[in-house]
Amino acid sequence: MTLTLGPRGLGRRLLLATLALASSAVFAQSFPNRPIKLVVPFPPGGPTDTASRILGQRLAERLKQPVVVENRAGASGSIAAAQVAKAPADGYTLMMLATPTLLAPHLYKKAGYDVVKDFSPIASVYDLPIVVVVNPNVLPDVSTLPQLIAKAKAQPGKLNYTSSGAGSFGHLSMELLKQLGQFDMQHVPYKGGVPAITDLLGGQVPVMYADMVAALPHIQAGKLRALAVGSPKRVSVTPDVPTVAEQGFASFEAVSWGALLAPAGTPKDVVKLLSDQVKAVLAEKDTQDKLLQAGTFPAYQSSEQLAQRIRQDDAKWGKVIVDKGISVD
């Protein structure tokens, strides 16, 4: 049976669509009229938490409503993400997505959410560069990435590297680099960046692909030697450290990042309002300075740009996880 809409049926659909648009516009004009919850899927004190609190405070001042930061840690952020995905899509529940939470559905069989489908991207907030570092006492003759790769090729599988854990961004980045450079090193995972760097400093493992925020004090003190950063450009705090791309891997890029998301279906006008406010906050010199002090680098992207970044990174790192057979379940 074919259903044909007559003039009355068509008019009814147009009326409903007009009313829906009008309702959305009225909602956006009144938003926000109560406190906003900003969920951080990690414990207090880390770069994601600190950046969220800096952003939340400035948004609260601009929006004239409290922005309450709530920490819900566990399973690389997947516990919080699964809960936020089911929250009302009204702009009053937001989440600071970090790269581990983006990748968790590839690593946990029952993560309970799909970042691409279950969230409305608002804006990117910060980048968190990662850096290949070595213990100079253990590897005194390694000062460049090509030298490290040559040493690894000379003793296949005998050189160890560490990261903050199986499936961590440092782990995935080194596995991608190994694949591109056709060399082998054994991964020694730790439960967190602090114990990994502690053993790196102690010489138990000689190499790490580390978060810049964790490695920087030791680089500056001369206790670790930085060989390469994964970002497409050199990092301002380590201007003498070349990128991986500069050292023979033109296609290589690995940057961890944080971004503000809302549940899927959040009104577009609300998303735009919040995105514009994030852009304004990140343009402030004081906010930039505070984020840099927290070890994060202010990096605004619009909702549309962020959506593209999510899709690209989800596909790129998801492939690395599948190709290498990485799982944490």
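**Figure 1. Lining of the largest cavity in the predicted model.** Ile36, Leu59, Leu63, Val67, Leu94 and Leu274 form the lining of the largest cavity. By class, this lining comprises six nonpolar residues, with no polar and no charged ones. The space inside the largest cavity amounts to about 30 Å³. The count of cavities of 30 Å³ or more is one.

**Figure 2. The largest pocket and its lining residues.** The volume of the largest pocket is about 1100 Å³. Its lining consists of 48 residues, and those nearest the pocket centre are Pro100, Ser164, Gly192, Gly193 and Asp211. Divided by class, the lining of the largest pocket contains 27 nonpolar, 18 polar and three charged residues.

**Figure 3. Helices and strands that contribute to the lining of the largest pocket.** At least two lining residues come from each of the helices H2 (47–63), H4 (99–107), H7, H8 (193–202) and H9 (212–220). The strands S4 (119–134), S7 (207–211) and S9 (255–263) likewise each supply at least two residues.

**Figure 4. Helix H7, residues 169–181.** At 1.5 Å a residue, the 13 residues of H7 should span 18 Å, and the C-alpha atoms at its ends are 18 Å apart, in agreement with that expectation. Eleven of the 13 residues are buried, and H7 is therefore largely enclosed by the rest of the structure. The buried residues run from Phe169 through Gly170, His171, Leu172, Ser173, Met174, Glu175, Leu176 and Leu177 to Lys178, together with Gly181. Gln182 follows H7 and has a positive phi, near 55°. H7 also supplies at least two residues of the lining of the largest pocket.

Key
Residues are numbered from 1 along each chain as its sequence is written. This is a predicted model: local features need pLDDT of at least 70, side-chain atom pairs count only at pLDDT 80 or more; totals for chains, interfaces and linings use all residues. Side-chain values use heavy atoms; hydrogens and water are left out. Helices (H or I, at least four residues) and strands (E, at least two) are DSSP runs, numbered from the N terminus. The expected span of a helix is 1.5 Å times one less than its number of residues. Buried means under 20% relative accessible area, exposed over 50%, partly exposed in between (1.4 Å probe, protein chains only). On a 1 Å grid over the protein atoms alone, a cavity is a set of points where a 1.4 Å probe fits but cannot get out, and a pocket is an open set with protein on both sides within 12 Å along at least five of seven lines; lining residues have an atom within 4 Å of a point. Grid points are joined across faces, edges and corners, and a volume is the space filled by probe spheres set on the points. Ala, Val, Leu, Ile, Met, Phe, Trp, Tyr, Cys and Pro count as nonpolar, Asp, Glu, Lys and Arg as charged, and the others, Gly among them, as polar.
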